[in-house]
Amino acid sequence: MLADQLQADLRQAMKDRDAVRVSTLRLALAALRNRQIELRQRPGESSLPDSETVDVLRREAKCRQESIAAFQSGGRPDLAEKEAAEFAVLQKYLPAEL
């Protein structure tokens, strides 16, 4: 499942000391846990289906895109670059757009 892949990639990113991937994957996993709570599932019970996981990741990616636009219009290219790096990490887990 996709959530299991996120967990495995988080462990690998921690071993590689890749701070951007670690923080992005932690935020994505937290969003997934929050969605489980919204659906009244227990975190250890069973993970979300892949379709629901992709929806959560799409929402997270959309937030990053909006942040990039806001930071660029606000004259903060450093923060826009950080958000762009996080967006690139999330894109790896999303299906290709048509």
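Helices (H or I, at least four residues) and strands (E, at least two) are DSSP runs, numbered from the N terminus.

This is a predicted model, in which local features need pLDDT of at least 70 and side-chain atom pairs count only at pLDDT 80 or more, while totals for chains, interfaces and linings use all residues. Residues are numbered from 1 along each chain as its sequence is written, and side-chain values use heavy atoms, with hydrogens and water left out.

**Stop 1: the whole protein.** Show everything as a cartoon. You will find four helices and zero strands, in the order α-α-α-α along the sequence. The C-alpha atoms fill a box of roughly 45 × 30 × 25 Å along the principal axes. Of the 98 residues, 35% are buried (under 20% relative accessible area; exposed is over 50%, and partly exposed is in between, with a 1.4 Å probe and protein chains only).

**Stop 2: H2 and H4.** Select residues 19-38 for H2 and 77-91 for H4. Two packed helices are described by the angle between their axes and the distance between the axes. Here the axes come within 9 Å and cross at roughly 65°. The contact (heavy atoms within 4.5 Å) is made by Val20, Arg21, Ser23, Thr24, Leu25 and Ala28 of H2 and by Ala85, Glu86, Val89 and Leu90 of H4.

**Stop 3: Leu25 and the core.** Setting aside neighbours within four places in sequence, Leu25 is in contact with Leu6, Asp9, Leu10, Val89 and Tyr93. Now widen your view to the largest nonpolar core, which has 22 residues. Such a core is a set of buried Ala, Val, Leu, Ile, Met, Phe, Trp, Tyr and Cys residues joined through side-chain atoms within 4.5 Å. Leu6, Leu25, Leu32, Leu57 and Tyr93 touch the most other members. H1, H2, H3 and H4 each supply at least two residues, and H2 gives the most, with six. In soluble globular proteins, nonpolar side chains tend to be buried together.

**Stop 4: H3.** Select residues 50-73. This helix has 24 residues and reaches 35 Å from its first C-alpha to its last, close to the 34 Å expected at 1.5 Å a residue (the expected span is 1.5 Å times one less than the number of residues). Colour its buried residues, among them Val54, Leu57, Ala61 and Ile68. The buried residues of H3 pack against H1 (2-16), H2 and H4. After H3 comes Gly75, with a positive phi near 80°.

**Stop 5: Glu60.** Not counting residues up to four places away in sequence, Glu60 touches Ala31 and Leu90. Try the distance tool too: Glu60 and Ala28 are 32 residues apart in sequence and 7.2 Å apart in space, C-alpha to C-alpha.

**Stop 6: Arg17.** Finish in the loop between H1 and H2, where Arg17 is found. Most residues other than glycine have a negative phi. Arg17 has a positive phi of about 60° although it is not a glycine.

Terms used: Axes are lines fitted to C-alpha atoms, for helices over the stretch in contact, and angles run from 0 to 180 degrees between N-to-C directions.
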